[in-house]
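This briefing is for a reader who is new to the structure shown below.

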Amino acid sequence: MSLVLGLETSCDETAAAVVRDGRHVLSNVIASQVALHRRYGGVVPELASRRHLEAFLPVVDQALREADVAPRGLDAVAVTTGPGLVGALVVGLAGASSLALAWGTRLMAVNHLEAHAYAVFLEPGPDRGGPDGRGLRPPEPPMVVLIVSGGHTSLAELSGHVRFRPLGETRDDAAGEAFDKVARHLGLGYPGGPVIDRLADAGDPGAVALPRAYLQPGSLDFSFSGLKTAVIYHVRQAEAAGRTVNLPDLAASFQAAVVDVLVEKSFRALEVTGHHRLAVVGGVAANRGLRRALEARAEREGVELLVPPPELCTDNAAMVAGLGHFLLAAGWAGTEPVRVNPSLGLGGRERRRGRRGR
Ligand code: KG4
Ligand code: ZN
């Protein structure tokens with residue numbers, strides 16, 4: 001049995017959570033900064049760091065209190081060390097290492113991208129005892145993981161616990177970043193994903209012809225910046241011709257273009273690896289159009305689809321604590337040097353670009 005405190009400050013959420021055995025979420029506290037950054041249309045790194053500093057200890061206190069766990073009962077403190085905003089990561093790591101030192105507890109460095117994948121092993125809500133309160137067996141690797149959020153779009157193979165093999169990633173904008181930039185251009189506010197998701201309900205996904213970037217045959221990489229530019233041109237042309245833009249139609253067409261590519265590449269990755277289990281995580285996994293398309297295709301192809309509830313898809317610390325447990329189980333001693341790495345990629349590699357390239 002393990003009890004791990006997870007800490008997450010890589011972007012605009014200050015979060016702390018206590019998780020038992022990498023599975024049972026005993027507490028999951030998130031102080032969101034969305035309201036702070038909304039007026040700027042995106043995350044302002046310096047403001048994010050300062051807010052993390054203010055929120056960090058109260059969030060940790062609350063997570064321990066709600067879980068009814070004393071610091072000496074913890075097996076490890078797991079903290080996100082990358083990828084993310086450097087100042088924000090430094091606040092989290094400084095706080096985590098101070099707490100671990102004061103409590104005499106191990107400190108585990110956690111990769112934020114890999115932690116997103118570990119949301120699929122979590123059981124949300126109160127611990128109802130037994131192997132699984134829902135009567136389900138916990139999912140197990142191997143599987144293909146699609147990580148789609150504001151800062152990441154990556155496909156990976158999880159061949160065994162904490163064994164990630166990168167298969168593809170975005171060459172420019174992340175999927176969520178494309179949602180946010182398109183929404184900002186259309187004056188729909190921040191974050192853009194949920195607004196476009198709602199607007200798309202009332203629109204026709206076939207109304208506006210938009211490109212799908214599949215790249216070279218066999219490539220599992222993504223590119224969304226051309227799609228974003230096509231939306232911007234569509235608006236400019238309509239304005240120049242004195243036509244009003246039908247926002248629901250444009251939102252539905254844009255969303256369909258993103259969803260088509262994400263679904264196609266995920267199923268291509270299943271084919272290449274020979275796996276029959278697909279996990280989809282990160283903020284964009286909350287998108288209802290994406291969920292519907294994945295469910296339909298998974299059903300058709302006999303694939304087991306794992307999509308966490310929305311609150312575990314977006315940034316949280318339960319996923320960090322969850323991965324912390326599996327790192328412990330894999331023999332990480334918690335004595336390895338720990339430092340922040342803003343451009344950390346899956347499997348410890350450097351990413352081609354930093355997160356949040358707004
Ligand atoms: O995982 P997350 O909270 O933070 C990062 O690690 O980036 O993801 C936030 C991203 C934002 O870009 C937001 O617009 C997007 O997830 N998002 C959505 C939806 N809900 C959040 N995108 C599409 N549809 C949604 N329903
Ligand atoms: Zn994230």
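In this predicted model, 5 strands form an open sheet with mixed pairing, in the order β3-β2-β1-β4-β5. Helices (H or I, at least four residues) and strands (E, at least two) are DSSP runs, numbered from the N terminus, and two strands pair if DSSP finds at least two bridges between them. At the edges of the sheet are β3 (24-32) and β5 (106-111), each of which pairs on one side only. On average, neighbouring strands of the sheet are turned by 20 degrees against each other, direction ignored.

**Conventions**

- Residues are numbered from 1 along each chain as its sequence is written, chains are lettered from A and ligands numbered from 1 in the order in which they are written, and side-chain values use heavy atoms, leaving out hydrogens and water.
- As the model is predicted, local features need pLDDT of at least 70 and side-chain atom pairs count only at pLDDT 80 or more, while totals for chains, interfaces and linings use all residues.

**The sheet and its helices**

- Strands β2 (residues 13-20) and β3 run antiparallel and are joined by 8 bridges.
- Val-19 has Val-25 in β3 as its bridge partner.
- Helix α2 (residues 45-67) packs on the sheet, where it touches β1 (3-8), β2 and β3; contact means heavy atoms within 4.5 Å.
- The direction of α2 makes about 25 degrees with that of β2; axes are lines fitted to C-alpha atoms, for helices over the stretch in contact, and angles run from 0 to 180 degrees between N-to-C directions.
- Helix α3 (residues 86-103) lies across β1, β4 (76-82) and β5, and runs at about 160 degrees to β4.

**Helix α5**

- Helix α5 (residues 175-185) is mostly covered, with 9 of its 11 residues buried; buried means under 20% relative accessible area, exposed over 50%, and partly exposed in between (1.4 Å probe, protein chains only).
- Among the buried residues of α5 are Glu-177, Phe-179, Asp-180 and Lys-181.
- Just after α5, Gly-187 has a positive phi of about 70 degrees.

**Cysteines**

- The structure holds 0 disulfides, a disulfide being a pair of cysteine sulfur atoms within 2.5 Å.
- The closest cysteine sulfur to that of Cys-11 is in Cys-313, 16 Å away, so the two are too far apart for a bond.
- Cys-11 is buried, at 0% relative accessible area, and Cys-313 also counts as buried at 0%.

**Overall form**

- The protein has 11 helices and 10 strands.
- The C-alpha trace spans about 65 × 45 × 35 Å along its principal axes.
- Of the 358 residues, 56% are buried.
- Among contacts with a separation of 6 or more, 75% are between residues 24 or more positions apart.

**Confidence**

- The mean pLDDT is 91, and 93% of the residues reach 70 or more; pLDDT is the predictor's confidence in each residue, from 0 to 100.
- Residues 128-133 have pLDDT below 50, and this stretch has 9 contacts in the model beyond near neighbours in sequence.
- Residues 352-358 are also below 50, and this stretch has 32 such contacts.
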